[in-house]
Amino acid sequence: MIFTSNWACCQRLCRKCCLQTAEEQGISLMSRDLDKIDNRILEELESDGRLSIVELSQRVNLTNTPCSDRVKRLEKSGYISGYRAVLNKEKQGLGHLTVVQVSLAATGGDNSLDAFNAAAALVPEIESCLMIAGSFDYLLTIRTRDISHFRQVLGDKINRLPNIHQTNSYTVIEVVK
């Protein structure tokens, strides 16, 4: 490896020196494989993004500084793209969830996919919009107050999205995972 001459500061391979040397030489180590500790940090933060570095360090058996350095590296390299609160939609009055399959009239050389994507992004009731390879084009999850609110959103917003050919709706009875 090109970093060996710069490890004179340690008796062992020093990740901090290696990363600093890589940055000085303009080499990205962001695509390297994650080790067990990195994966454990990601698991812990995915479970509870509000963990303090002190608590996270204890859970992954590191001291605070190396743990903090790893978290910063994981953030910088894009493994951690943000932190957010998980909201209780039922408490917010949005307990009705429906999955909608969408087929477009055409998905050829025109900009029908781009137009649909842009318009769907503006509908606040669409919780997720997934482009699908298969017998239909999109799978939407729609979050509403109740079935009558969903019916209104379907008629007034979903069915008016650009290039809609057909929709099929499925009311979610229970979210298992």
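**Overview. Fold of the chain in a predicted model.** Of the chain's 177 residues, 29% count as buried (buried means under 20% relative accessible area, exposed over 50%, partly exposed in between; 1.4 Å probe, protein chains only). The model is predicted: local features need pLDDT of at least 70, side-chain atom pairs count only at pLDDT 80 or more, and totals for chains, interfaces and linings use all residues. Residues are numbered from 1 along each chain as its sequence is written, and side-chain values use heavy atoms, with hydrogens and water left out. The chain has six helices and four strands (DSSP runs, numbered from the N terminus: helices are H or I of at least four residues, strands E of at least two). From the N terminus, their order is α-α-α-α-β-α-β-β-α-β. Among contacts between residues at least 6 apart in sequence, 57% join residues at least 24 apart (contact means heavy atoms within 4.5 Å). The accessible surface comes to about 12000 Å², and carbon and sulfur atoms account for 51% of it (Shrake-Rupley method, 1.4 Å probe; for residues, only the protein chains shown count as cover).

**View 1. The largest nonpolar core.** This core has 16 residues (a nonpolar core is a set of buried Ala, Val, Leu, Ile, Met, Phe, Trp, Tyr and Cys residues joined through side-chain atoms within 4.5 Å). Val102, Phe116, Ile126, Leu140, Ile142, Ile158 and Leu161 touch the most other members. At least two core residues come from each of β1 (96-104), α5 (112-121), β3 (138-144) and α6 (147-156). Another core, of 10 residues, lies apart from it; Leu51, Leu56, Cys67 and Leu74 are among its members.

**View 2. Contacts of Phe116.** Not counting residues up to four places away in sequence, Phe116 touches Val102, Leu104, Cys129, Tyr138, Leu161, Pro162 and Ile164.

**View 3. Glu125, a buried loop residue.** Glu125 sits in the loop between α5 and β2 (126-131). Glu125 counts as buried because its relative accessibility is 12%. Beyond residues up to four places away in sequence, Glu125 touches Thr141, Ile142, Arg143, Thr144, His149, Val153 and Lys157.

**View 4. Leu42 in helix α2.** Leu42 belongs to helix α2 (residues 36-47). Leaving aside neighbours within four places in sequence, Leu42 contacts Leu34, Leu74, Tyr79 and Ile80. Leu42 and Val71 are 29 residues apart along the chain, with their C-alpha atoms separated by 8.5 Å.

**View 5. The second largest pocket.** Its space comes to about 360 Å³. On a 1 Å grid over the protein atoms alone, a pocket is an open set of points where a 1.4 Å probe fits, with protein on both sides within 12 Å along at least five of seven lines; lining residues have an atom within 4 Å of a point. Points are joined across faces, edges and corners, and the volume is the space filled by probe spheres set on them. Of the 15 lining residues, Leu45, Glu46, Gly49, Gly82 and Tyr83 are the closest to the pocket centre. The lining has seven nonpolar, four polar and four charged residues (Ala, Val, Leu, Ile, Met, Phe, Trp, Tyr, Cys and Pro count as nonpolar, Asp, Glu, Lys and Arg as charged, the others, Gly among them, as polar).

View 6. Asn61 lies in the loop between α3 (53-60) and α4 (64-76). Phi of Asn61 is near 60°, positive in a residue other than glycine. At 69% relative accessibility, Asn61 counts as exposed. Asn163 lies in the loop between α6 and β4 (164-171). Asn163 has a positive phi of about 70° although it is not a glycine. With a relative accessible area of 27%, Asn163 is partly exposed.
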